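Reader: Can you walk me through this one? I'd like to get the bookkeeping sorted before anything else.

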Amino acid sequence: MKIGVVTFPGSNCDYDCYRAVKDGLGAEAIYIWHKEHDLHGVDAVFLPGGFSYGDYLRAGAIAAHSPIMREVKAFAAGGGPVAGICNGFQILCEAGMLPGGLMRNRTLKFRSRPVHLLVERADTAFTSEYATGDVLRIPIAHGEGCYFAAPETLDELEANGQVVFRYCDGEGLVSPAANPNGSARSIAGIINAAGNVLGMMPHPERAIEPLLGSTDGLGFFRSLAAHLARV
Amino acid sequence: MTDYRVEVRVTPRRGILDPQGSAVQGALKSLGFGGVEDVHVGRLIRFTLQADGDAEARERVDAMCRQLLANPVTEDYDVRVEALAAA
């Protein structure tokens with residue numbers, strides 16, 4: 001099992017992802033520079049967090065057209081698992097690989113703190129090690145994480161079961177008070193209809209060992225490993 | 001070929017929350033500027049473009065907006081194209 005982490009200019013969570021794969025899973029991880037046109041035979045791709053291209057124009061807008069994205073799109077079209085975390089989620093939306101977009105947090109504040117996430121779907125390639133209804137404690141760190149989509153798109157996401165994570169309180173209650181950025185319907189993470197491209201604003205790679213305050217993110221990486229072992 | 005001066009104004013889509021605009025409106029109010037409503041903050045993108053006529057220039061800029069300059073999910077855009085006098 002080999003997992004690729006794409007590095008864009010301005011990525012800053014690429015090492016966290018790399019380490020979560022390498023030390024959290026004991027699997028092989030490689031970096032892939034955004035200018036490459038080769039995924040080096042990886043089994044899954046991570047688009048990490050950060051501020052690619054300084055968030056110029058819109059967060060993720062320019063990275064969505066980086067050379068490597070052509071290969072990432074082809075890989076995803078062939079069913080390969082792709083996960084975008086934080087800036088990676090913004091890039092996936094800007095690249096049209098996931099519906100909707102991420103806007104400025106409703107509070108206008110950059111929010112960097114642990115939040116609670118409700119697992120809505122435990123039958124995806126990225127969440128099978130969790131149970132539906134689990135409450136995870138995972139950090140967020142973003143200024144543009146307010147998920148937005150047209151009401152009919154949101155209805156479709158809900159109807160198809162594509163909402164994977166929602167912001168909630170410690171008891172698993174979804175409410176405006178537990179929504180850190182104003183995201184529509186408290187959405188924190190979604191998956192595409194085919195079930196192989198996931199985007200989320202919270203950082204599971206920053207919650208993989210007790211020293212980091214939580215190990216709740218490990219299940220995310222273990223789920224992907226279990227999925228890759230099955231296919 | 002004609003040189004055009006192009007301006008693309010990108011604004012938050014009408015009807016969706018614009019927290020930046022609200023914050024600016026609040027600040028204007030607190031400075032004592034009365035009667036200010038409906039404040040929105042957007043981006044101005046300006047460039048020159050060579051094209052074969054107005055229609056082609058507009059068509060190309062529209063494609064740029066759809067592919068990169070604006071996000072149709074969250075933003076509206078408005079294009080101004082003006083032919084520059086030949087040097």
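This is a predicted model: local features need pLDDT of at least 70, side-chain atom pairs count only at pLDDT 80 or more; totals for chains, interfaces and linings use all residues.

Reader: Ok, which residue just after H3(A) takes a positive phi?

Author: That's A:Gly96, with a phi of about 75°.

Reader: And the residues of helix H3 of chain A, how many of them are buried?

Author: Eight of the eight residues in H3(A), which spans 87-94, are buried, so the helix is largely enclosed by the rest of the structure. Buried means 20 or more other C-beta atoms within 10 Å of the residue's own, with the C-beta atoms placed from the backbone; 12 or fewer is exposed, and in between is partly exposed. The buried set includes A:Phe89, A:Ile91, A:Leu92 and A:Cys93, and A:Asn87, A:Gln90 and A:Glu94 are also among them.

Reader: What covers the buried residues of H3(A)?

Author: Strands of chain A, including S3 (44-47), S4 (82-85), S5 (101-103) and S11 (197-200).

Reader: Who are the neighbours, and which way do they run?

Author: S4(A) pairs with S11(A) in the parallel sense over four bridges, and A:Gly84 stands opposite A:Gly199 there. Strand S10 (187-191) of chain A pairs with S11(A) in the antiparallel sense over three bridges, where A:Ile190 has A:Gly199 as its bridge partner. Pairing takes at least two DSSP bridges between two strands.

Reader: What about the hairpin of S10(A) and S11(A), how many residues are between the strands?

Author: Five, and in that hairpin A:Gly195 takes a positive phi near 85°.

Reader: Zoom out for me. What order do the nine strands of that open sheet follow?

Author: The order is S2-S1-S3-S4-S11-S10-S9-S6-S7 in chain A, with mixed pairing. S2(A) (28-33) and S7(A) (135-142) stand at the edges with a single partner strand each, so one side of each has no neighbour in the sheet. The twist averages 25° from one strand to the next, with angles taken from 0 to 180 degrees between N-to-C directions of lines fitted to C-alpha atoms (for helices, over the stretch in contact).

Reader: Which residues touch the most other members in the largest nonpolar core?

Author: Six of its 75 residues: A:Val6, A:Val45, A:Phe46, A:Phe89, A:Leu92 and A:Leu117. A core is a set of buried Ala, Val, Leu, Ile, Met, Phe, Trp, Tyr and Cys residues joined through C-beta atoms within 7 Å. Strand S9 (163-168) of chain A gives the most to this core, with five residues. Apart from it lies another core of eight residues, among them B:Val61, B:Leu69, B:Ala70 and B:Tyr77.

Reader: And what does A:Val6 touch?

Author: Leaving out residues up to four places away in sequence, A:Val6 touches A:Ile32, A:His34, A:Val45, A:Phe46, A:Leu47 and A:Ile68. Contact means backbone-placed C-beta atoms within 7 Å.

Reader: Switching to chain B. How many helices and strands?

Author: Two helices and three strands, running β-α-β-α-β from the N terminus. The strands form an open antiparallel sheet in the order S2-S1-S3. S2(B) (43-51) and S3(B) (75-83) are the edge strands, each with a single partner, so one side of each lacks a neighbour in the sheet. Nine bridges join S1(B) (2-12) to S3(B), and B:Val6 stands opposite B:Val81. Helix H2 (54-69) of chain B packs on the sheet, touching S1, S2 and S3 of that chain, and its direction makes about 150° with that of S3(B).

Reader: How much of chain B counts as buried?

Author: 13% of its 87 residues. The C-alpha atoms fill a box of roughly 50 × 30 × 15 Å along the principal axes.

Reader: Last one: how many residues of chain B are in contact with chain A?

Author: Nine, against 12 residues of chain A. Helix H1 (19-30) of chain B gives the most to chain B's side, with three residues.

Technical notes: Residues are numbered from 1 along each chain as its sequence is written. Chains are lettered from A and ligands numbered from 1 in the order in which they are written. Two residues are in contact if their C-beta atoms, placed from the backbone, lie within 7 Å.
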